[in-house]
2 protein chains.
Amino acid sequence: MTDRNRLIYLPIGGAGEIGMNCYVYGYGPEGQERLIVVDTGVAFPDMDGQPGVDLILPDVEWLEDRKDRIDGIFITHAHEDHVGAIGHLWGRLEAPVYCRKFTAIHAMRKMDEAGHDLANVHVVEAYPEVVELGPFKVSFAPVAHSIPEASGLVIDTKAGRVIHSGDFKIDRHPVVGEAFDEDMWRQIAADGVLAYVCDSTNVFSRHTGRSESELPPQITELVANARGMVVATTFASNIARLQTLADAGIAAGRSICLMGRAMQRMVKAGREAGVLTDFPTTVSPEDALDIPRESLMLIVTGSQGERRAASASLSRGKYLGHELKEGDTFLFSSKTIPGNEVSVGFIQNALAEIGVEIVDDNSGFYHVSGHANRPDIEMMHEILKPQIVVPCHGEYRHLREHARLAMSNGMTGVVAANGMLVELSGNAPGVTEHFEIGRTYLDGDAFVGQYDGVIRERMKMAMNGMVVVAVIVDEGDEVLEDAWVQLKGLPEAGSSGVNLQELVEDEIGRLLPRLDAKVIDDDDKLEEAVKRVARKVCLQEIGKKPEVALLVSRLMAE
Amino acid sequence: MTDRNRLIYLPIGGAGEIGMNCYVYGYGPEGQERLIVVDTGVAFPDMDGQPGVDLILPDVEWLEDRKDRIDGIFITHAHEDHVGAIGHLWGRLEAPVYCRKFTAIHAMRKMDEAGHDLANVHVVEAYPEVVELGPFKVSFAPVAHSIPEASGLVIDTKAGRVIHSGDFKIDRHPVVGEAFDEDMWRQIAADGVLAYVCDSTNVFSRHTGRSESELPPQITELVANARGMVVATTFASNIARLQTLADAGIAAGRSICLMGRAMQRMVKAGREAGVLTDFPTTVSPEDALDIPRESLMLIVTGSQGERRAASASLSRGKYLGHELKEGDTFLFSSKTIPGNEVSVGFIQNALAEIGVEIVDDNSGFYHVSGHANRPDIEMMHEILKPQIVVPCHGEYRHLREHARLAMSNGMTGVVAANGMLVELSGNAPGVTEHFEIGRTYLDGDAFVGQYDGVIRERMKMAMNGMVVVAVIVDEGDEVLEDAWVQLKGLPEAGSSGVNLQELVEDEIGRLLPRLDAKVIDDDDKLEEAVKRVARKVCLQEIGKKPEVALLVSRLMAE
């Protein structure tokens with residue numbers, strides 16, 4: 001029996017993209033493997049690709065079809081792209097959730113908001129504690145990252161040991177939380193590692209990663225020399241950075257005020273989990289109004305330019321009674337994620353108009369990444385000496401580069417993007433199956449598939465504008481000559497200067513009496529004919545072919 | 001009389017943004033100033049802000065209202081953000097156009113495409129040649145930039161000398177075209193400079209700018225060591241870079257093939273204008289099919305990830321018969337403009353899937369900027385010693401930083417964004433008037449104003465989806481009970497699992513008979529009532545409030 005068992009790995013999200021991490025491991029006879037899920041993250045939509053969508057979730061149909069085989073869900077850390085989908089997806093997977101305490105606080109809130117029983121979330125201690133589930137033994141091995149209690153997973157089956165890196169960096173002095181523990185990793189690797197499934201986001205960064213502990217001197221100096229109010233933004237979940245920022249404020253004799261819900265929540269969670277033990281006392285935004293601006297430091301959300309977060313609100317004017325002025329200092333202790341440059345630029349321009357000093361990573365050294373750079377990835381390869389390296393968490397180019405790096409150092413590198421099933425056991429590890437796995441959009445309260453056509457239809461309206469037409473077919477199956485037309489997202493008039501709506505109405509009015517009964521009786525044919533005329537008029541007048549929606553009211557004899 | 005004359009500067013585009021440059025200078029009594037226009041550039045739309053729009057043009061209403069006072073239009077160089085709008089806007093300004101030869105080739109093509117007489121474009125030689133127009137004497141002073149024959153303008157009136165920098169860098173060895181000519185600038189500045197209106201795009205770049213001539217060694221080495229086919233992309237207008245790339249190809253024994261219309265056009269224009277004298281012979285894409293891939297180098301358009309350009313086409317598969325393979329090399333000899341990261345990433349990921357080596361500015365030194373960095377801007381301040389510095393071409397934060405830099409060196413710095421009129425003459429130079437100046441969208445063939453609501457309506461459809469409803473009011477002013485509904489960009493069903501279209505139809509069908517005559521007779525009230533019900537159903541079912549379009553067919557007694 002045993003030799004028929006296999007160990008598989010299937011990325012469902014996060015492989016071929018940055019964000020939305022979701023990975024599956026399986027062990028057992030082919031088609032009957034017991035499964036565990038690692039992470040259920042989200043990605044964030046944009047107008048360019050998913051207008052109006054609230055969140056992007058992994059497409060878990062593959063898992064749902066095999067729901068009875070899922071033994072557990074492991075969450076490596078509390079970043080949204082790892083834990084964000086747990087509330088939305090749990091009802092479709094219904095397996096116990098395992099994570100460490102800080103992560104659990106967030107997972108539980110999400111489960112609670114979705115109406116799921118919190119008893120499904122199990123808090124696990126760090127390695128060497130082991131969770132045994134079916135054929136799996138799983139441990140949470142602490143790693144340094146930009147959030148507390150981030151962990152890699154040590155996953156043992158009879159096929160051997162797999163290390164799932166989670167998001168990590170090599171940081172021996174992370175300010176808050178657990179430092180990189182080389183001895184622990186050497187111990188974990190001592191009996192051999194079959195496969196290392198490893199974070200690839202920073203594989204193109206060639207310099208050795210920098211420690212969080214290199215930042216406090218610069219930030220302290222900046223705040224000490226600031227006049228006016230100081231505002232600093234970073235990811236709320238970067239508790240170490242919050243500590244550094246707050247310490248710098250206190251050292252400069254300033255009161256600390258946290259602004260933005262996520263900021264409050266993260267500090268509270270940090271205290272609850274016991275990872276944040278000497279964060280200074282803060283003042284509420286309301287009480288902060290009584291403090292002179294030169295004695296105040298705000299630590300705020302919105303480092304990525306999010307429109308409704310505190311940074312954007314402050315850049316637009318008064319927010320919670322606070323207003324920035326010429327001579328204040330605004331520190332972006334953060335990296336602008338690709339795609340967010342324009343939103344962040346918006347805020348910085350608004351701040352510049354007020355006369356606020358803007359300080360960011362271009363002006364000095366105010367941010368370090370939470371991910372392992374290329375030399376740090378290589379160091380982990382060297383410590384773990386895995387037979388196989390499977391790059392995860394990265395766009396295709398990151399995965400490929402990481403696999404090449406592994407191969408150049410004598411390991412087997414396997415590139416597997418979302419939907420590619422890798423057989424890790426056996427003599428020739430590699431991709432053996434492809435599944436069509438898309439993305440699921442949370443649109444309002446509804447789940448919409450990436451390929452359902454719903455969002456595509458919206459984008460077409462946005463690109464082309466819309467002509468809405470109503471025609472009436474009477475009780476005798478005769479079409480009335482009049483058409484009723486409305487334009488949406490189109491100019492009132494084009495080249496002829498005549499009202500475009502009226503032109504379209506007239507032209508359809510001329511068409512309708514000429515149509516023969518076969519067309520009038522057939523909704524599709526009628527739509528085709530009306531659409532053609534409406535588009536022709538628009539093309540001629542405004543050089544665009546809009547979308548057309550036709551409503552045919554077929555009146556019935558009473 | 002003379003003392004009543006004033007010299008004014010009014011940015012219409014390019015100040016408070018990067019791109020879409022358009023500036024006005026005026027001299028004369030207030031309200032009767034004679035005017036010249038400097039540049040008529042475009043900006044490029046995106047899904048985020050202007051879905052479906054083809055081009056963004058300056059809003060020239062202010063100028064159109066004063067059309068009889070415009071003496072001329074000066075185009076500093078042939079980049080789209082300086083010359084791109086000339087064909088679209090000329091008919092509204094109708095003033096003679098002045099530019100140097102290479103620029104004129106492009107301006108004339110655009111005028112021709114728009115059906116304007118080419119005789120309106122006048123080719124001017126470089127400084128010291130002077131164009132005299134009313135109170136203005138204007139010269140084109142050559143500058144180094146990333147396109148041939150780029151120029152600053154020396155604008156003289158009785159109020160003094162103004163230098164309009166145009167886009168420029170300090171480059172003493174630009175490979176192709178005119179080098180930075182310090183002596184010329186010292187001579188121009190010898191009798192004093194009233195104002196320097198100066199490019200600000202790179203004011204945050206703290207290191208001294210690098211010369212185009214630093215690139216050939218790296219690029220030559222890269223191409224020499226490449227296996228397989230080499231593909232290189234850069235801005236087609238960067239003729240010097242095309243020369244460097246082509247030279248590197250030839251040195252490695254490769255035939256050069258240009259791909260993409262802009263690429264062909266620019267090399268042709270460079271030859272016509274006499275700025276490109278020893279560009280190697282190229283082979284057509286068709287003939288290139290007969291050349292072994294290791295003896296071929298393609299120089300292609302699409303460095304910014306443009307979907308229909310050659311780079312994107314090659315990344316998707318066969319293009320003009322050519323297909324990339326594992327081991328080929330793809331060089332991005334370019335900078336990714338903020339906002340284009342995702343499109344460029346798309347191409348790079350597609351190339352990585354094929355197994356192509358991707359080389360870009362992260363992998364080595366394969367690009368230099370065409371704009372003056374902070375130390376270079378300071379050098380020009382130092383050479384010209386203007387009384388006033390008015391930063392142009394930059395977002396607000398760039399303008400402000402540049403003005404501060406000028407002030408810290410003892411000059412008067414004036415920040416003026418689009419619509420802010422600066423009086424340069426007089427004792428207290430500064431902003432004296434604000435005009436509401438937006439942007440004009442070219443949408444198909446139609447001009448749409450930024451604030452017309454047309455694009456906003458499209459974005460709302462994209463965000464919220466659309467419910468289209470038809471109701472009928474019969475000859476007796478009675479509303480029929482039935483409503484006809486279509487959903488656009490919305491899921492078929494929501495939380496109840498029932499077809500959403502039918503639910504909306506039913507609910508409106510229940511509403512209609514209950515409406516009283518005053519509502520039925522009034523299109524707005526009827527729309528309000530129907531909209532409220534349609535949105536309520538959708539909010540309940542899918543958690544979204546869509547846009548609603550209502551068509552009321554009011555039947556008339558014959």
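**Figure 1. Area buried between chain A and chain B in the predicted model.** About 5,400 Å² is buried between chain A and chain B, and carbon and sulfur atoms give 59% of this area. On the side of chain A, the residues that lose the most area to chain B are A:Met47, A:Arg397 and A:Leu551, which together account for 12% of what that side buries. In terms of contacts, 64 residues of chain A meet 63 residues of chain B.

**Figure 2. Relation of the two copies.**

**Figure 3. Polar contacts and contributing elements between chain A and chain B.** Between chain A and chain B, 26 residue pairs are in polar contact, both residues being at pLDDT 80 or more. Several elements of chain A each supply at least two residues of the side that touches chain B, among them helix H11 (341–354), helix H13 (396–408), strand S24 (446–449), strand S25 (466–473) and strand S26 (484–488). Helices H14 and H17 and strand S27 of chain A also each supply at least two residues of that side.

**Figure 4. Salt bridges between chain A and chain B.** The count between chain A and chain B is six salt bridges. One of the pairs is A:Glu326 with B:Arg400, whose closest N and O atoms are 3.9 Å apart. A:Glu326 lies in the loop between helix H10 (310–316) and strand S17 (329–332) of chain A, whereas B:Arg400 belongs to helix H13 (residues 396–408) of chain B, so the pair joins two chains. A:Glu326 is exposed, with a relative accessible area of 63%, while B:Arg400 is buried at 13%. The side chains of A:Arg400 and B:Glu326 also meet in a salt bridge, with an N to O distance of 3.9 Å.

**Figure 5. Salt bridges within chain A.** Over all chains, the structure holds 60 salt bridges. A:Arg458 forms a salt bridge with A:Asp443, the closest N and O atoms being 2.3 Å apart. Because A:Arg458 lies in helix H14 (residues 454–464) and A:Asp443 in strand S23 (residues 439–443), the pair ties together parts of chain A that are 15 residues apart in sequence. Both A:Arg458 and A:Asp443 are buried. A further salt bridge, 3.9 Å from N to O, is made by the side chains of A:Glu547 and A:Arg535. This pair links strand S27 (residues 547–554), which holds A:Glu547, to helix H17 (residues 523–542), which holds A:Arg535, the two residues being twelve apart. A:Glu547 is buried, with a relative accessible area of 15%, and A:Arg535 is partly exposed, with 26%. Salt bridges that share partners also join A:Arg6, A:Glu30, A:Glu33, A:Arg69, A:Glu423 and A:Glu433 into one network.

**Figure 6. Strand S2 of chain B and its pairing partners.** Strand S2 (residues 22–29) of chain B is mostly covered, eight of its eight residues being buried. Strand S1 (residues 5–13) of chain B pairs with S2(B) in the antiparallel sense over eight bridges, and B:Leu7 has B:Tyr27 as its bridge partner in S2(B). S2(B) also pairs with strand S3 (residues 34–38) of chain B, in the antiparallel sense over five bridges; here the bridge partner of B:Tyr27 is B:Arg34. S2(B) and S3(B) form a hairpin with four residues between them, and B:Gly31 in the turn has a positive phi of about 85°.

Note on methods
Residues are numbered from 1 along each chain as its sequence is written. Chains are lettered from A and ligands numbered from 1 in the order in which they are written. This is a predicted model: local features need pLDDT of at least 70, side-chain atom pairs count only at pLDDT 80 or more; totals for chains, interfaces and linings use all residues. Side-chain values use heavy atoms; hydrogens and water are left out. A salt bridge is a side-chain nitrogen of Lys or Arg within 4 Å of a carboxyl oxygen of Asp or Glu. Buried means under 20% relative accessible area, exposed over 50%, partly exposed in between (1.4 Å probe, protein chains only). Two strands pair if DSSP finds at least two bridges between them. Contact means heavy atoms within 4.5 Å. Buried area is the accessible area (1.4 Å probe) that two parts lose on being put together, summed over both. A polar contact is a pair of N or O atoms within 3.5 Å; within protein, one must be able to donate a hydrogen and the other to accept it, and residues adjacent in sequence count only if both atoms are side-chain atoms.
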